[in-house]
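Please read the following walk through this structure with the model open beside the text. The paragraphs take up a salt bridge to begin with, and then move to other parts of the chain.

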Amino acid sequence: MKKMLKLRNSIIAILCFTVICMAVGFSLLSAKLQESTINKPFFDLSFERVYEETAVKGGVVAPVCTSSISRNLKEVSMKCSLNTPHDELSYFVIVKNTGNIDASVTALSENVSFVENVGIDNTPIKITHSDIEGNILKPNEEVTLKVYIKYENSPVQKKYDFTYNLALIGASPKE
């Protein structure tokens, strides 16, 4: 009986030791795996925020524009209404590299859609922005993009409602 009891206790001790070794091994493996995913190099350019700098009214009614950031922080959408010539809007758009390596602003893709299905070339509305293409941002660095929207002088005075979309295209700089 004593031999069986001793054998049983030995088996329990071996099993406990095995479970402890497996737990320690799993902890070490998990730490190594987490470390390798944290240190994986990546860049991530995104729009951080958009805010209005100024609005100039050319007539009685002030221009109106609402903005939002969508598509995983890669696109800014602005819905604007300009009422009379000389209406102006300017916005600051903050672009940030939230990755852990340098990132380059490759391009900005623009799209303008008018409610009345007219093209931007057929209107007195002019949209420009500062040039940030080619800027290289270090991790957590920001750059400010300034967007200008203006209703230029025109013999035809009417209200223009449109949506302006600005998409961000980035890449890792070539070494």
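Lys 158 has a relative accessible area of 30% and is therefore partly exposed, since that class lies between under 20% for buried and over 50% for exposed. This is a predicted model, and in it Lys 158 forms a salt bridge with Glu 116, with the closest N and O atoms 2.6 Å apart. The two residues belong to distant parts of the chain, 42 residues apart, because Lys 158 sits in the loop between β8 and β9 (160-171) whereas Glu 116 sits in the loop between β5 and β6. Glu 116, for its part, is partly exposed, with a relative accessible area of 45%.

The structure holds seven salt bridges, and another of them is the contact between the side chains of Arg 49 and Glu 142, at 3.9 Å from N to O. Arg 49 lies in strand β1 and Glu 142 in strand β8, so this pair ties together parts of the chain that are 93 residues apart in sequence. Arg 49 counts as partly exposed at 39% relative accessibility, and Glu 142 likewise counts as partly exposed, at 38%.

A further salt bridge joins Asp 102 to Lys 138, whose closest N and O atoms are 3.7 Å apart. Here Asp 102 lies in the loop between β4 (88-97) and β5 (103-114), while Lys 138 lies in the loop between β7 (136-137) and β8, so the pair ties together parts that are 36 residues apart in sequence. Asp 102 is partly exposed, with a relative accessible area of 27%.

Strands β1 and β8, which carry Arg 49 and Glu 142, also belong to an open sheet of four strands, arranged in the order β1-β4-β8-β6 with antiparallel pairing. The edge strands of this sheet are β1 (45-56) and β6 (125-129), each of which pairs on one side only, and from one strand to the next the twist averages 15°. Between β6 and strand β8 (residues 142-151), which run antiparallel, there are five bridges; in one part of this pairing, Ile 125 has Tyr 151 of β8 as its bridge partner.

Away from the charged pairs, which residues form a nonpolar patch on the surface? They are Leu 7, Ile 11 and Leu 15, which together have about 290 Å² of accessible area. Leu 7 is found in helix α1, which spans residues 2-38, and it counts as exposed because its relative accessibility is 52%.

Methods:
Residues numbered from 1 in each chain as written. Predicted model: local features only at pLDDT ≥ 70, side-chain atom pairs only at ≥ 80, totals over all residues. Heavy atoms only, no water. Patch = residues over 30% accessible without salt bridge, like charges linked within 9 Å, V, L, I, M, F, W, Y side chains within 5 Å. Areas by Shrake-Rupley, 256 points an atom, 1.4 Å probe, with all protein chains shown as cover. Salt bridge = Lys/Arg side-chain N within 4 Å of Asp/Glu carboxyl O. Buried < 20%, exposed > 50% of the residue type's maximum accessible area, 1.4 Å probe, protein only. Pairing = 2+ DSSP bridges. Axes fitted to C-alpha atoms, helices over the stretch in contact; angles between N-to-C directions.
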